[in-house]
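Colleague: Could you take me through this model step by step? I should like to begin with the terms and then turn to the details.

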Amino acid sequence: MFTDWFLAQEGQFLYLMICLTLIGGAFFLPFPEDLILIIIGILVQRKLVELEWAFPLAYSSIIVGDMILYGIGRRFGINLFSKRWFRNRIPPAKIKAVRARLDKNFIAAIFLGRHLFYLRTITFICCGAVKMKFLRYLLADMMAALISSTIMITIGYYASENYESIRGYIQKTEIILAIALVLGGLYWYYRHRKNQKVLVNTSESDLN
């Protein structure tokens with residue numbers, strides 16, 4: 001599985017994978033941030049990567065991914081949420097719930113988005129779309145990322161010796177994520193096809 005493959009790599013390629021998976025996780029790729037951070041902890045304990053390089057790289061990759069999401073929201077504004085392709089991927093009800101949390105307590109909302117990978121993308125895009133002050137967003141995000149990355153890497157480090165005993169649970173998690181990704185893709189394809197048919201039928205009705 002993915003975790004076993006990751007742990008089987010070595011050299012500079014590992015640092016590249018840390019960077020790509022953490023940034024990619026911000027864009028709905030099936031790489032939960034917490035899992036990658038735990039893997040980093042295991043790599044450090046096994047001396048496959050150096051902590052003084054791996055931690056800053058992981059932390060900066062997380063922040064870069066979040067800044068890109070914020071920038072997308074800032075650039076396109078709340079009109080982004082009305083785009084058909086965006087609404088097909090993220091239900092309006094979820095967008096509304098995230099915006100409500102940001103209005104109530106933006107720090108708590110950012111912390112929540114940081115730790116729930118399925119909320120991360122929409123939360124940070126919303127921060128940009130509602131024109132949250134960049135410095136306020138950055139400080140809250142950096143604080144949340146520092147806490148989560150430290151905790152998860154530490155868990156991975158101390159869990160490394162027991163990896164074989166928890167390997168089965170990790171593999172089950174990866175299988176569930178893979179199934180969720182496939183189902184999500186099929187659902188999006190179905191919605192996309194359905195919307196295309198509606199548009200075609202509407203166009204034909206207008207012509208008649």
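Modeller: Let us begin with a definition: a residue is called buried under 20% relative accessible area, exposed over 50%, and partly exposed in between. Please keep in mind that the model is predicted.

Colleague: Where is the place of Lys131?

Modeller: Lys131 is found in the loop between α8 and α9, just after α8. Its phi is near 60 degrees, which is a positive value in a residue other than glycine.

Colleague: Which loop holds Lys47?

Modeller: Lys47 sits in the loop that runs between α3 (33-45) and α4 (51-76). Lys47 also has a positive phi, near 60 degrees, and it too is a residue other than glycine.

Colleague: Does Lys47 count as buried or exposed?

Modeller: Lys47 counts as exposed, because its relative accessibility is 69% and the cut-off for that class is over 50%.

Colleague: Let us turn to α8. How many of its 13 residues are buried?

Modeller: Eleven of the 13 residues are buried, so α8 is mostly covered. Among the buried residues are Leu119, Ile122, Phe124, Cys126 and Ala129. Arg120 and Thr121 are also on that list.

Colleague: What span should helix α8 have, and how far apart are its end C-alpha atoms?

Modeller: Helix α8 covers residues 117-129, and at 1.5 Å a residue it should span 18 Å. The expected span is 1.5 Å times one less than the number of residues. The end C-alpha atoms are 19 Å apart, which agrees.

Colleague: And α9, where does Ala159 come in?

Modeller: Ala159 lies in helix α9, which comprises residues 134-159. Ala159 is buried, because its relative accessible area is 19% and the cut-off is under 20%.

Colleague: How far apart are Ala159 and Ile39 in sequence and in space?

Modeller: Ala159 and Ile39 are separated by 120 residues in sequence, yet their C-alpha atoms are 9.8 Å apart in space.

Colleague: A new topic: how many cavities of 30 Å³ or more does a search of the whole structure find?

Modeller: The search finds one cavity of 30 Å³ or more. The largest cavity holds about 40 Å³ of space.

Colleague: Which residues line the largest cavity?

Modeller: The lining consists of Gly25, Leu29, Phe31, Pro32, Glu33, Phe117 and Arg120. These residues divide into four nonpolar, one polar and two charged. Arg120, one of the lining residues, is also one of the buried residues of α8.

How values were computed. Residues numbered from 1 in each chain as written. Predicted model: local features only at pLDDT ≥ 70, side-chain atom pairs only at ≥ 80, totals over all residues. Heavy atoms only, no water. 1 Å grid on protein atoms, 1.4 Å probe; cavity = no way out; pocket = protein on both sides within 12 Å on 5 of 7 lines; lining within 4 Å. Points joined across faces, edges and corners; volume = space filled by probe spheres on them. Nonpolar A, V, L, I, M, F, W, Y, C, P; charged D, E, K, R; others polar. Helix = DSSP H or I, 4+ residues; strand = E, 2+ residues; numbered from the N terminus. Buried < 20%, exposed > 50% of the residue type's maximum accessible area, 1.4 Å probe, protein only.
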